[in-house]
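Subject: Model for your files

Hello,

Here is the model we talked about, with sequence and coordinates. My notes follow below it.

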Amino acid sequence: MNTKIFKQSPLAASLALLLGSTISAPLMAQQTDVQAAPADGSEVEVIQIQGIRGSLMRSMDLKRASYGVVDAISAEEMGKFPDTNLAESLQRITGVSVSRSNGEGSQITVRGFGPDFNLITLNGRQMPGTGFTRSYNLENLSSEGVQTLELHKTARAENPSGGLGATVNIITTKPFTNPGQHFSVSGKGIHDTSVEAGNRITPELAAVYSNTFADDRIGIALSISSQRRDFQRQEANIQGWQANVALPDLDASEVVDNRADPDGNYFFPKDMNYSISDLQRERTNGQLTLQFKPVEGVVATLDYTASKAITGEETVGWGIWNEYGGNINAYELDENGTAVYADISGNDGSFTASRTTTEVKARSLGVNLKWDITDSWRVSLDYHDSSNETDNGADAGLGSSGQVILGSPELITKIYDYRSGEIPHAEILWNNGTNELTPGEIDSNFSQFTRSPGKSEIQQLQFDATWINSSWDIPLVDIRFGLARTEQKMSGYTAWSGLRGGAGFNPSYTQIFPDSMFVRHDTSGLLDAFDGGGADLSPHYYYTFDFDEAVARQLAYITADAVGTDNAYSIDPFYDGIDSTSLVEENTNAAYIQSQWEFDIAGFMVQLNAGVRYEETEVPSSATVRAPLEVNWVSASEWITTYDSAQPADFTGKYDLFLPMFDLKVDVTDDLVARLSWGKSITRAPLGILQGGRSFSGSPKPGSRTVSEGNTSLLPYESTNLDLSLEYYYDESSYASIGYFRKSVENFISTVLSEETYDGLHDVYNSPRYLAAIEQIEGRGEQATSSAIYDQMVANGDADANGVIHPLSSDPLIVWTLSKPRNINDTKTVDGFEIALQHVFGASGFGVGANATFVDGDNIFDNESLEVQTPLVGISDSANFQAFYEKDGLSVKVTYAWRDSYLIGVGQSQGSSDAPPQYAKAFGQWDMSVNYDIDEHLTVFFEGVNLNDETEQGYGRYQEQFLFARQYGPRYTLGARLTF
C-alpha cells in the first residue's frame, strides 16, 4: 500500500477543513496527491494511503471535519470501492440497512426510514427515482467511477430537500481532484452457485481513466463498466391472508380451534405457490467528466453519467387458489387464529410459465461553473437534466410481461399444511383418484400480458454563493446563500390484456396441449436450504412447459373466428385499446441562507452552522381514468371488470414550507468531539397516491373489490430532528462514537377506507339468481362451493354462450372498498441510539470495525387490530462487523451485516381489505474479499458474497402467516486489476 508523508501548516489545515465542508467536493474525502492550493499559491500535500486502511482514514476524517452528523465510504483506490454494490457499501455505515432485490442490496433504510424517505444526489444534484417512484435502485449504478459516498443524517439548508431519513451524495471521479494521468482496468469472472439455466461463469469488465493537460488546466475522466450475472431464485409465496372469512357449519371432528377467545379473529391463506426463476442481468455504466480552468479561480465542469440494466426472467410455478364459505371442509387454527391446516374444495390447481424482460435506463447531463471572484467571494452555477426510466416490456418478441397459467379445476380437495417446517405444504387430491395430475388433464386457465413503463425526470438549476469573512473580527466564518429551481416530472401508464384463453377453464381446451409438451420434475432440489423443503416438500412434483409453445398453440386455436373477438387469445397488452396513464409534476422554487461560526467558550473551540431553507411547490397531475362498465363472472374463480373508453382528468396541489436547522460542534479535547444538531426535513408523498384519478380493481373477486383514489393536495411528511453525539478519535485510523437521534414526524399519510357503491355497477354475487343456485345445490344435499354455484347458474341459463354471467339491473349494487389517502393531524416519533468502533492495531496490519443501531418508535403496527393503519415501515435494529488484515501487498476482509425483523409495508396483493402487514424476518450475511498485489500495478482478488447461504423470509401478522421464502445461494468472484 502506498503512503506519502506530509506536514500541513495550521492555515492549510483550516483551509482543507473549510473546503472539505462543501457538499459538491469534500476534499478531505479524496485520495489526492495535491489539494487545492491556498491563496498564496503554496502547495498543500496530503496523505495518500490506498487500500482498506486508507479508505477508513478518509471516511473518518470526513466524519470528524463535517458539521452535523455525516458518515462516508471512500474508494480504497482508483476503480476499487469497498463493495461492488453501492447499497452493500452503505450498509457498513451506522444506522443504514438495505433491502434486497435478487440477492443484491438495492435500496437503503436509514434510522428506520425506508427508500422513499431518503434522497439520492449525484455530485450534489437531486436524482430522479427509478421509474414512477421516488426511491432509487442503487444496484444499477456501478461503483468503479465513484470516489466517495457521503451520508448526511442531519439537515442542511444548502441541500435539496426530500431526505427525511438521510441524504446520500454520490461523488464521482474528477480529473482536477487528482491531477496527472491515472488508469485502472479490471476484469472478473462471477460464479453464482444457484445458476442452472445460464452460464456458470459470467464476466464483469471495468476501466477508469483520468488525466490532466495544459498545465492542469484541462482534464478528462472516463469510466466504463459492463457486468453480466446469471442466477436462479427459488421461492414459495402466499399472496395474501383473508380475515374472518365465511365459515361453514362443520362437525366438531373437522375443526381444531386453539384460540383463547372462540369469537376472536381468524385468518386463511388465499393461495399457496412455488416457483423457480432463471434470471440473466446485464448492467452497463458509462461516465465522462470534462473540466476546464481558463483562468485561475474559474473551473467549468461538464459531466455525463449513463446506466442501463436489463433483467430477463423466466419463471415456472405451480400452486393452489382458495375460496371460502362452503368450500372449507376442515381446518385448524393456532392460538392467534391463523389457519395452519385447511382442507378446501373447489377452485383449481395450476402450473404457470412467465417471461419478463425489464430495462432500466438512467442518464444525467450536468454542467457546473465555479468562480472564485476574490478571496472572499465564491459563486457557483449548476444545471443538470436527469432521467430514470423502467419498462417491463423490453422483451423484443413479446413487448410485454407475460404469464401463461395452465392447470385444472378437476379436483376433490386441496390441503394446506404449515404445522411443521419453514415452508407450507399444498397437496391436491384430483378427481382421478391420485395426488398427481396427468399431462392429458392439463387445461388452459388463462394468460395475461401487461406493460407498465414509468419515467422520472428532473431539471434543476442551482445558484450558490459564499462570502468568507476576512474583514470583520467576529466569530463569523462565512455566509452561504442560494436559489434553486427544480422541475420534476413522473409519468407512467399501465396496459393489461385482460384474461385471455378460456379464462377459468371455460371453455376447456385440453386438446390443444399434447402430453409431450409437459415435463415432469420432482421437488428434491427445491428450497432445500429450508427445513421442510427439498424432498420433504408437498407437492412432490411439478410440470414445466415451454412458454413460446403454449402461447403459439393458443394463438393458433383460440382465434376470433373460433370464440369471438372479446374472447380471442392475444399477447397484446393493449388488446382492448384502453390504457391508463398518469403524470405528476412537482415544480419547486427554493432559497436558502446558511452561516458558519467559530468561537471559544471557556476554552472549548465551538463551531456553529445555522441556516434556513424556504420552498414552495406546485403539484399539477393529469391522469387517464378508465370508467368501469360492469363486473362479469367468467368462471368459477374469475371475475372481470369491463371498461368504457378512458377519460382524462386534471388535478393540482400546492404548498410551501420553512426548514430551519443548526449544527453545534464542540472540541471537548483534541481527540473528543461533541455534537448537537437540530433541524427540519421533509419527504414528499409517494407518487402512487399523489397522482389524481380513480382506479377500480380489474379482477374483483368477492372479498377483493377495491377502488383507490389519489390526492394531489397531500402535504409532505415533515420531521423535526434532534441529534446528539460524542466521538473519540484516539488514533489516526481509530475512533469510537455514540449518538442519540430523535425524529418527530408530522403530516403522516393515512389511508381512509369506506364502503361505496357506484350507479350502474351491479353484482352477480349474492344476487337473487346466485342465492337461488345455492338453495338448489343444498337442496340436493351437496356442498355449495364456488364451482358448484357457477355451474348451477350456467345450467339455469344465467350465462351467455361463452359461459359469462353478466349482472342484471335488478341485481344489487356492488359494494366496493374505497381507499383514499389524507394527511392526519398526528405526530409520530422515532428515536434510537447508534454506537460505532473502528480500531487499527498499529502497524500489525490488523483492524476491526463494528457498529450497531437500536431504533424504537411509537408508530408500530398493531397485529391484533383489523383497522387500517399507517405505521412507519422499515424500523429495525441493525449491526455490522468487519475485520481485516492488510500488509505487504495482502489484504483480507471479512464482513457481516445483520438486520432484525422489520415491517416491509401494509397491504397484501390478495389480502383482505384491512390492509394486513408484511414483515421480513431477521437477515444476516457473511461476505469476504482477498486482494494480493503481484507488484505495484497488478492486483489479483477473490470475493465471496453470502457465504453462509442466507435466505429471505417474510410473514403477515404472525410468523405462522407465511408470505414468502426465497433462496439464492452464495456467489464467488475471481479477478485482476491493473493500475498505473
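The protein has eight helices and 48 strands, where helices (H or I, at least four residues) and strands (E, at least two) are DSSP runs numbered from the N terminus. This is a predicted model, in which local features need pLDDT of at least 70 and side-chain atom pairs count only at pLDDT 80 or more, while totals for chains, interfaces and linings use all residues. Residues are numbered from 1 along each chain as its sequence is written, and side-chain values use heavy atoms, with hydrogens and water left out.

Overall shape

For 980 residues, a compact globule would have a radius of gyration near 30 Å, and the protein agrees with its 30 Å; the radius is taken over C-alpha atoms, and the globule rule is 2.2 Å times the number of residues to the power 0.38. The C-alpha trace spans about 100 × 60 × 55 Å along its principal axes. Of the 980 residues, 58% are buried (buried is under 20% relative accessible area, exposed over 50%, partly exposed in between, with a 1.4 Å probe and protein chains only). Among contacts (heavy atoms within 4.5 Å) with a separation of 6 or more, 75% are between residues 24 or more positions apart.

Helix α7

Buried in α7 are R769, Y770, A773, I774 and I777. These residues lie on the same side of α7, because they cover an arc of only 145° around the axis, the arc being that of the directions from the helix axis to the C-beta atoms. P768, E775 and G779 are exposed on the other side. The buried residues of α7 pack against β29 (604–635) and α8 (786–795). After α7 comes G781, with a positive phi near 75°.

Aromatic pairs

There are 37 aromatic pairs in the structure. Rings of Phe, Tyr and Trp (its six-membered ring) pair if their centres lie within 6.5 Å; planes under 30 degrees apart count as stacked, over 60 as edge-to-face and the rest as tilted. F113 and F117 form an edge-to-face pair, with ring centres 5.5 Å apart and planes at 65°; both residues are buried. Y896 and W926 form a tilted pair, 4.7 Å centre to centre with 35° between the planes. Y896 lies in β41 (890–899) and W926 in β44 (923–933), so this pair ties together parts 30 residues apart in sequence. One aromatic cluster is formed by F351, F518, Y541, Y543 and F545.

Regards
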